[in-house]
Every structure is written in structure tokens, then in C-alpha cells.
Amino acid sequence: MPLVRPKKYLGQHFLKDETIAFKIAEALSGSYPNTIEIGPGMGVLTKYLLNRKELDLTCIEIDKESVDFLNKNFPLLKGKIISEDFLEVDLATINEGPISLIGNFPYNISSQIFFSVLDNKNRVKEVVCMLQKEVAERIASPHGSKTYGILSVLLQAYYSIEFLFKVPPGVFFPPPKVMSGVIRLTRNSKEQLACDETLFKKIVKQAFQMRRKTLRNALKSLNLPASIVTLELLNKRAEQLSVEEFVGLTKLIESSK
Ligand code: SAH
């Protein structure tokens, strides 16, 4: 069986290093057996996931050539491969209850994958993934850091995030131009934030759209009442606010309406 030809537009960089693949597959706690692998490619992670008998694995792969490869080489995956775009799959159709996600993500859509994680945050209990190191660091970075951004706040509101290890370009075929990093997200116990979550998301996005401005200026389009506009907190910039401060601010804005 010929190997899959790497396609750039699908973000295909195949991991060649078996030790790293094993380490990534082992980074899943196993507490949530229903596991979805995003973009298995030629199955380098998949085979170690299949070895973990406690897991019930489903794969979602957009690339037909990879799906053919997997079907031929991994008979155990029979009926377990969804040949679709992960971003188009409604997770409710896969199974019920808690799930864990794992994958060496296609780097071009990693942010979109995280927004889909957020949409399904009450089912997605754990995520282990490899992505561009800068993006991994950004997601894990605390407030006060220059790389703290929209996804850091939104994800940290619901998940605790660990940066596990770096991975150099040379262990992939073809090698990507960037360093990679592996992170683990574990759902915290907050079922809901202590504020209107839709407004929270709107405020966070708006605040970071003009990250160099004070919140007072960045949030102008929200037409905040004078009682809010004069708050000391609005002298700060988005990157200086902790998740809790964003929640607090959302609550204040909510109650001023
Ligand atoms: N897991 C493999 C491949 C990683 S490359 C390895 O580690 O070697 C990223 C994989 O994601 C590729 O197989 C690519 O075809 C797949 N992919 C890209 N976009 C996708 C999408 N929207 N939905 C599902 N899979 C996707």
C-alpha cells in the first residue's frame, strides 16, 4: 500500500517519530473512554490509541486517500472512521455523554477546532493535541502576557491548560516551517460562568480586537452606561484582565442594563 501523498492545503505533516506519537497517545487520561481523533492521516497516533483497550475510538478524517489507507491498514477501525470535515460534523451524531478529543491538528484550522470545542464544552472533557508551538503557548499563557488572547480567555474559562512538550520540525514529513507543541486541556468543574456567557464572549472578542487600547476605548461600540465607563478597571487593556475579571466586568455590564 503506497503512503499518502502529503497535501499542503489539508495541513498534512505526518509525524514520523514513534516515541513522540506514543507519548501523545499516552497523554490522554483515559477518564473519558469515548475518544475522537481528529485527522488520523496514516494512523501514527491511531495505532497507540487502539492499543489502549479502555478507549472507544472514532476517527474523523477529511482526506479520502488517508481514509483508504486507514481502512486497509487498520481493520480494527472498521465502522469507526467518519470521512468528513471535522468542522462540519455534529458531535451529537457520534455518541452521547462525555468525550475526549485528540489529534495532531491540521494547523490551518486549529483555532476553528477550539471554537468548536467551546461550542461543545459540556461534552468535551479533555483535549490532547499537537499544534503550532506559538498557538499552543498563546492558549496556555496567563493574563499580563503579550500572547494572551481571545482563545486563552475563552478556553481558560472552562479548561485548565498544560503545555506538555515541544516538538521540532524534523520529525515530520514534510517538515513544517514552525516548531510544534503538545498541550492538554482538562475541563474544569464550572458548568456555567457566573455571568451571561454570550455577552462574556462578545466582550472578550471586542476587547482583544483593539488590544492596545484601554477597555474604555475598545468597548466603545457597546455603548456602555456612564456607571461602567467611569470604572477604574476600564483603564486597563484586554491582556491585563484575568478570566475572573472578564467575568466580573460582564456581570457589571449585565446588571447596568
Ligand atoms: N495524525 C497524523 C496526520 C496529522 S496532519 C499524523 O500525526 O501524522 C493533519 C491531518 O488532519 C491530516 O491527515 C489531514 O488530512 C487531516 N485534516 C485536515 N483538515 C481536516 C478537517 N477539516 N477535518 C478532519 N481532518 C482534517
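Analyst: First, the criterion: a salt bridge here is a side-chain nitrogen of Lys or Arg within 4 Å of a carboxyl oxygen of Asp or Glu. This is a predicted model, where local features need pLDDT of at least 70, side-chain atom pairs count only at pLDDT 80 or more, and totals for chains, interfaces and linings use all residues. Residues are numbered from 1 along each chain as its sequence is written, and side-chain values use heavy atoms, with hydrogens and water left out.

Searching the whole structure turns up 12 salt bridges. One of them joins Lys80 and Asp56, at 2.8 Å from N to O. Lys80 sits in the loop between helix H3 (64–73) and strand S4, while Asp56 is in strand S3 (residues 56–60), so this pair ties together parts 24 residues apart in sequence; helices (H or I, at least four residues) and strands (E, at least two) are DSSP runs, numbered from the N terminus. Lys80 is partly exposed at 28% relative accessibility, and Asp56 is partly exposed too, at 33% (buried means under 20% relative accessible area, exposed over 50%, partly exposed in between, with a 1.4 Å probe and protein chains only).

Next comes a pair inside helix H5 (residues 133–140): Glu137 and Lys133 are 4 residues apart, about one helical turn. Their closest N and O atoms are 3.5 Å apart. Glu137 is partly exposed at 33%, whereas Lys133 is buried at 15%.

Arg237 and Glu239 also pair up, 3.3 Å from N to O. Here Arg237 is partly exposed at 28% and Glu239 is buried at 11%. Elsewhere, Arg5, Lys7, Asp63 and Glu65 are linked in a salt-bridge network.

Now for the domains. An automatic or database domain assignment gives domain 1 (8–187) and domain 2 (197–256). The count between them is 1 salt bridge: Glu197 with Lys121, the closest N and O atoms being 3.8 Å apart. Around that, 16 residues of domain 1 are in contact with 14 of domain 2, contact meaning heavy atoms within 4.5 Å. The two domains bury about 1,200 Å² between them, 67% of it on carbon and sulfur atoms; buried area is the accessible area (1.4 Å probe) that two parts lose on being put together, summed over both. In domain 1, Tyr148, Ile150 and Val153 lose the most area to domain 2, together 39% of what that side buries.
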